[in-house]
Amino acid sequence: MTKITAAITAVGGYVPEYVLTNKILETMVDTTDEWITTRTGIKERRILKDHDKGTSYLAIQAAENLIQKHDVNPEEIDLVIMATATPDMPVASTGVYVASKIGAVNAFSFDLVAACSSFLYGMSTAARYIESGKYKKVLLLGADKMSSIIDYKDRTTCIIFGDGGGAVLFEPNEEGLGLKDEFLRSDGIGRNHLKIDAGGSLLPASHETVENKQHYVFQDGKTVFKFAVSNMADVCAKVMDRNNLVGDDVQWLVPHQANKRIIDAAANRMGLPEEKVMMNIHKYGNTTSATLPLCLVDYENQLKKGDNLVFAAFGGGFTWGAVYLKWAYNS
Ligand code: UT7
């Protein structure tokens, strides 16, 4: 029997119209375009200004872009996985709402929450459903309205994050294309270095938590940076080693867009020149669960069937990992 692998057969994305530039941030906090550019690689990010729209809006737009571009019938989708760190609500699943809104009426859905690695872990999860043989079309969405959890008076976080959404469709493949290997890790040591203190079961919302700004993201950037640089490069090297890949065999690194310096470190370790590294951090910043699919959207027309792609991410928790995937179509 031929082995079924899970191939990406369609991608879609969405970013809101409003552009928050480094120049505008200079008027909001004590920072400079020069500092942000040299320390992170970010020049601007997109912000969803509408207060009545949440992460589901970004995900719906991304999914509809995929459906339209690739002529997918939403009624044929079996499962919608919603990767996010900013669900619309703490309890009602965002993915379920999104699935109904896009007409995926025969699908079931759930949210997958693993900070900046949500989408990467989602790729692994989507692949298992496809490989089981029971599910033929799995829609993986990655979207975050990061602006809803950022303090725009805190210069250590507000310069980094942006809003956006991305979508990929996984389908069975019998030519050996699609997800080939993965190395996923997590370590609870990271819990205190990148977090939102309040609003969960440990510290429910109260007047005091709001006054103390405990519903915003806190990041000990230096520590996270150190872990991210070494761990993201390590998992990329691991996945390459055990699949006997050298730099020349890999056509693309698809890295989480948290900091250009972290991406450069991973690319160096893999022996990849800049032209093989997907990069859009300069225009979107860190969109958390949307970084990987938004890279695919931006580079879709350069991808060729059979290309070897290594995806990598690092995020809160800590969570991190790498996925090796063979691209399945020409645009
Ligand atoms: O995606 C999830 C995972 N997250 C990450 O991977 C992010 C990892 N961390 C980072 O990318 C970087 O640590 C940051 C971009 C967050 C910060 O860059 P850094 O080079 O690590 O800066 P730092 O925190 O060591 O701060 C250096 C200096 C400090 O001043 P002093 O103490 O040297 O006087 C900061 O107060 O830069 C100051 N600083 C700023 N200056 C201007 C911090 N933020 C800013 C700012 N503008 N926005």
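Which residues of helix α2 (residues 33-40) are buried? In this predicted model, local features need pLDDT of at least 70, side-chain atom pairs count only at pLDDT 80 or more, and totals for chains, interfaces and linings use all residues. Residues are numbered from 1 along each chain as its sequence is written, and side-chain values use heavy atoms, with hydrogens and water left out.

In α2, the buried residues are Asp 33, Ile 36 and Thr 40, where buried means under 20% relative accessible area with a 1.4 Å probe, protein chains only. They lie on the same side of α2 because they cover an arc of only 80° around the axis, the arc being that of the directions from the helix axis to the C-beta atoms. An α-helix has 3.6 residues a turn, so residues three or four places apart point the same way. The buried residues of α2 pack against α1 (22-26), β3 (44-47), α8 (260-270) and α9 (281-284). Gly 41 follows α2 and has a positive phi, near 90°.

The protein contains ten helices and 13 strands, taken as DSSP runs (helices H or I, at least four residues; strands E, at least two) and numbered from the N terminus. Buried residues account for 53% of its 331 residues. Of the contacts (heavy atoms within 4.5 Å) between residues at least 6 apart in sequence, 76% join residues at least 24 apart.

The C-alpha trace spans about 60 × 45 × 35 Å along the principal axes of the protein.

Note on methods
Buried means under 20% relative accessible area, exposed over 50%, partly exposed in between (1.4 Å probe, protein chains only).
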